[in-house]
Amino acid sequence: MLNVGKIEEGFVLDHIKAGKSLDIYDHLQLDKLDCTVAIIKNARSEKMGKKDILKVECDLDLLDLDVLAFIDHNITVNVIKSGEIVAKRELTLPKQIKNVIKCRNPRCITSIEQELPHVFILADEEREIYRCKYCEEKYTPTTK
Amino acid sequence: MRHLMSPLDFTTEELDKLFNLAASIEQNPSKYAHACDGKILATCFYEPSTRTRLSFESAMTKLGGRVIGFSDAASSSAAKGESVSDTIRIISCYADICAMRHPKEGAPMVAAEKSLIPVINAGDGGHQHPTQTLTDLMTIRSLQGRLGNFTVGLCGDLKFGRTVHSLIHALIRYPGIRFLFISPEELRVPDYITDMLKEKNIPYEEVIRLENVMPELDLLYMTRVQKERFFNEEDYVRLKDFYVLNTEKLELAKQDMIILHPLPRVNEISVEVDNDPRAAYFKQAQYGVYVRMALILTLLNIEV
């Protein structure tokens, strides 16, 4: 069993689908943060069989939980302070996401208009369907 | 300040008010002949259109206003690479209201976000064409006297037709609507629409032959079946005549049924049908002007 040390302050993102931790690393733009990140792939899990875990040692305000919820709202977010879990955050699908995913509809105005943000609106919460604010094209995930 | 991006932007009560105003304009056009004196409509058409642009221009002219604009992207600043956001900021300084058609879906919404004047979506790619839907509803309401309790037949290309999808969304807000979707397998209404109808318990049937359901219809909305939509030529040849409306098929229809078509028509309605009193597709164009006049007055908050 591989051991990764405790973090003092930050987040432990648990129950990430096995193999998806790098997608989350990219979406959260952790490469741009000057902090310690541990990526644990294919850890054993009673609930999931295999899972990934991300440990991020950073200021508690730095992580965009809306983005995380959009990627996978089943992830458990453990908030760590002074080396201990002080809270578990529930993730809910954000009503709107901005510049996280791009509209792939070539007929959409976002394909030509300069500096127009890519905004998606939660159109159907039950089915987790997001639609482009401008052309209403459904977002079909490839890596989600 | 309000804009019109989708036919669902207005509640049914607001639509009633709009249609009442359009009916008043129809009955007494001279009362409104100077309602927009001194006002300017900008028609920003980034792609060619005959009926929609002229209908807007006719509407504003009949209200006493003036029209400026362009009728294709080549003659606009878009050819120099100007963004829609920048263009509308400039147009806002020249005009009081803008009707915009654009090949890119969502372009009028981008304009509305930056605009200082009301923006009307006059068609954005395959996405929305709200004033066509308002025209359809106005025509139905004027000729049938109501907007509910109908069996509505939609015939032809139900997969790609934006006018069909918009009309379905607009009609399901009224009570007692039943749909009969008449199309080849290849051109059926998309699943998201039938899913929505099931969810809302709105009755519908999908059939292939128009003749089989003609006697049941209160309203027949025709669209064109294009050859290029078929996977093979044989199917096209086998099915194309099913979707041509002629006097023979019309004999099966109710006497008070009305026939609508968003136009342009190619051959899906025989010319011989034009003289039948049930043919309402040319009257539709007239109602389109009244409803656009009412829309301009409403968005400019002008009361007469």
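How many residues of chain A are in contact with residues of chain B, and how many of chain B with chain A? In this predicted model, 11 residues of chain A are in contact with 12 residues of chain B. The side of chain A that touches chain B consists, by class, of 6 nonpolar, 2 polar and 3 charged residues.

Chain A is divided into two parts, domain 1 covering residues 10-89 and domain 2 covering residues 96-132. Taken over C-alpha atoms, the centres of domain 1 and domain 2 of chain A are separated by 25 Å.

Chain A contains an open sheet of 5 strands with antiparallel pairing. The strand order in this sheet of chain A is E2-E3-E1-E4-E5. Strand E2 (36-45) and strand E5 (84-89) of chain A are the edge strands, each pairing on one side only. From one strand to the next, the twist averages 20°. Strand E1 (residues 10-17) and strand E4 (residues 76-81) of chain A run antiparallel and are joined by 5 bridges. In this pairing, Val77(A) of E4(A) stands opposite Leu13(A).

Further pairing in chain A involves strands E6, E7 and E8. Strand E6 (residues 96-98) of chain A runs antiparallel to strand E7 (residues 119-124) of chain A, and 3 bridges join them. Phe120(A) in E7(A) is the residue that stands opposite Ile97(A). E7(A) also pairs in the antiparallel sense with strand E8 (residues 129-132) of chain A, over 4 bridges. Here Leu122(A) has Tyr130(A) in E8(A) as its bridge partner. E7(A) and E8(A) form a hairpin, with 4 residues between the two strands. In the turn of this hairpin, Glu128(A) has a positive phi of about 55°.

Chain B is likewise described by two domains: domain 1 is made up of residues 7-128 + 285-299, and domain 2 of residues 131-284. The centres of domain 1 and domain 2 of chain B, taken over C-alpha atoms, are separated by 27 Å. To the contact of these domains, domain 1 of chain B contributes 21 residues and domain 2 of chain B contributes 19 residues. On the side of domain 1 of chain B that touches domain 2 of chain B, at least two residues each are supplied by helix H1 (12-27), strand E4 (119-124) and helix H11 (281-299) of chain B. H11(B) gives the most to this side of domain 1 of chain B, with 8 residues. By class, the residues of the side of domain 1 of chain B that touches domain 2 of chain B are 13 nonpolar, 6 polar and 2 charged.

A helix pair was also examined in chain B. Helix H5 (residues 130-144) and helix H6 (residues 162-171) of chain B pack at an angle of about 60°, and their axes are 9 Å apart. H5(B) is therefore oblique to H6(B). The crossing in which H5(B) passes H6(B) is right-handed. On H5(B), the contact is made by Pro130(B), Gln132(B), Thr133(B), Asp136(B) and Leu137(B). On H6(B), the contact is made by Thr163(B), Ser166(B), Leu167(B) and Ala170(B). The residues of the contact of H5(B) with H6(B) comprise 4 nonpolar, 4 polar and 1 charged.

Note on methods
Residues numbered from 1 in each chain as written. Chains lettered and ligands numbered in written order. Predicted model: local features only at pLDDT ≥ 70, side-chain atom pairs only at ≥ 80, totals over all residues. Contact = placed C-beta atoms within 7 Å. Nonpolar A, V, L, I, M, F, W, Y, C, P; charged D, E, K, R; others polar. Domains from an automatic or database assignment. Axes fitted to C-alpha atoms, helices over the stretch in contact; angles between N-to-C directions. Parallel < 35°, antiparallel > 145°, perpendicular 65-115°, else oblique. Left-handed = near helix turned anticlockwise from the far one by under 90°. Pairing = 2+ DSSP bridges.
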